[in-house]
Amino acid sequence: MQNHFGERRRIMEQLLVLLGSFLLVSLCRGQVLCHEQNCPHFKPVSKTDDYEERLYEATDWITTKVENNDLWAANVRLGDYCKRQKAAGYNFAVDAWPVLITERPDGHYLSWYVPPGMKKPEDTDEHVKLDTRPAGTVYVKVFDGEPSMEKGKEIKVGLQKALDKALKDYDPSSSAGAGFEPFIYPTHHNEVWIQAADHN
């Protein structure tokens, strides 16, 4: 368990500089890169030279707010929550990815994925909440190399321009970035995500 927390910490340290108006997903080569671990499922909808469109299934998460940009403290909070729930007879899969950072108008939130079929506790913790993300469309831009704040911003601007040109309607107020693997992996496949607007 400690090794998993250490891997999450390394991911969080790298994503800290990316907590702004853009999204970063650090993985290797698409959904197959979950390395046989539990990951959210999506259906590819379309692909152009500028972006991919994916339809994600509804997913469950445990979520805590990131206070004062302290991702490590939020990460520890989720780890402690999982330990308490395990002692109470519940169990969350330690091989489930991604680690998710969501940007909302009231701040940033850190989430760990809860795979389908897991026995979930009652939502009674003041600082950690059970959160469901509804099924929806996500626009994705893939880029190679080690992720950085400068590159992420550059890719996001390019993706927004591509979506504007394609007359795609997206939500600028809430977005999320995810890491699917330890940062120490030798190669990286990076993605910037922008959520499609929800008119329901």
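## A buried aspartate

The side chain of D125 makes a polar contact with the side chain of R84 at 2.6 Å; such a contact is a pair of N or O atoms within 3.5 Å, where within protein one must be able to donate a hydrogen and the other to accept it, and residues adjacent in sequence count only if both atoms are side-chain atoms. A polar atom of the D125 side chain also lies 2.7 Å from the backbone nitrogen of H127. D125 is found in the loop between β6 and β7, helices (H or I, at least four residues) and strands (E, at least two) being DSSP runs numbered from the N terminus. With a relative accessible area of 17%, D125 is buried (under 20% relative accessible area; exposed is over 50%, partly exposed in between; 1.4 Å probe, protein chains only).

## Basis of the model

This is a predicted model, in which local features need pLDDT of at least 70 and side-chain atom pairs count only at pLDDT 80 or more, while totals for chains, interfaces and linings use all residues. Residues are numbered from 1 along each chain as its sequence is written, and side-chain values use heavy atoms, with hydrogens and water left out.

## Strands β5 and β6

β5 (99–104) and β6 (107–114) pair in the antiparallel sense over six bridges, pairing being assigned if DSSP finds at least two bridges between two strands. The two strands form a hairpin with two residues between them. Within this pairing, L110 in β6 is the bridge partner of I101.

S111 is found in strand β6 and is buried, with a relative accessible area of 2%. The C-alpha atoms of S111 and L130 are 9.3 Å apart in space, with the two residues 19 apart in sequence. I101 has its C-alpha atom 8.4 Å from that of S175, although the two residues are 74 apart along the chain. S175 lies in strand β9 and counts as buried at 12% relative accessibility.

## Nonpolar cores

The largest nonpolar core has 15 residues, of which I62, L78, L110 and W112 touch the most other members; a core is a set of buried Ala, Val, Leu, Ile, Met, Phe, Trp, Tyr and Cys residues joined through side-chain atoms within 4.5 Å. Two or more residues of this core come from each of β4, α2 (71–87), β5 and β6. The largest share, five residues, is that of α2. A second, separate core of eleven residues includes A162, L163, V192 and I194.

The largest pocket holds about 510 Å³ of space. On a 1 Å grid over the protein atoms alone, a pocket is an open set of points where a 1.4 Å probe fits, with protein on both sides within 12 Å along at least five of seven lines, and lining residues have an atom within 4 Å of a point. Among the 28 lining residues, R133, P134, G136, V138 and Q195 are the closest to the centre of the largest pocket. At least two lining residues each come from β4 (59–66), β5, β7 (129–133), β8 (136–144), β9 (175–179) and β10 (189–195).

About 190 Å³ of space lies in the second largest pocket. Its lining includes T63, T64, K65, R77, H127 and D131. β4 gives the largest share of this lining, three residues. By class, the lining of the second largest pocket has one nonpolar, three polar and seven charged residues, whereas that of the largest pocket has 13 nonpolar, nine polar and six charged. In this scheme Ala, Val, Leu, Ile, Met, Phe, Trp, Tyr, Cys and Pro count as nonpolar, Asp, Glu, Lys and Arg as charged, and the others, Gly among them, as polar.

Terms used
Points joined across faces, edges and corners; volume = space filled by probe spheres on them.
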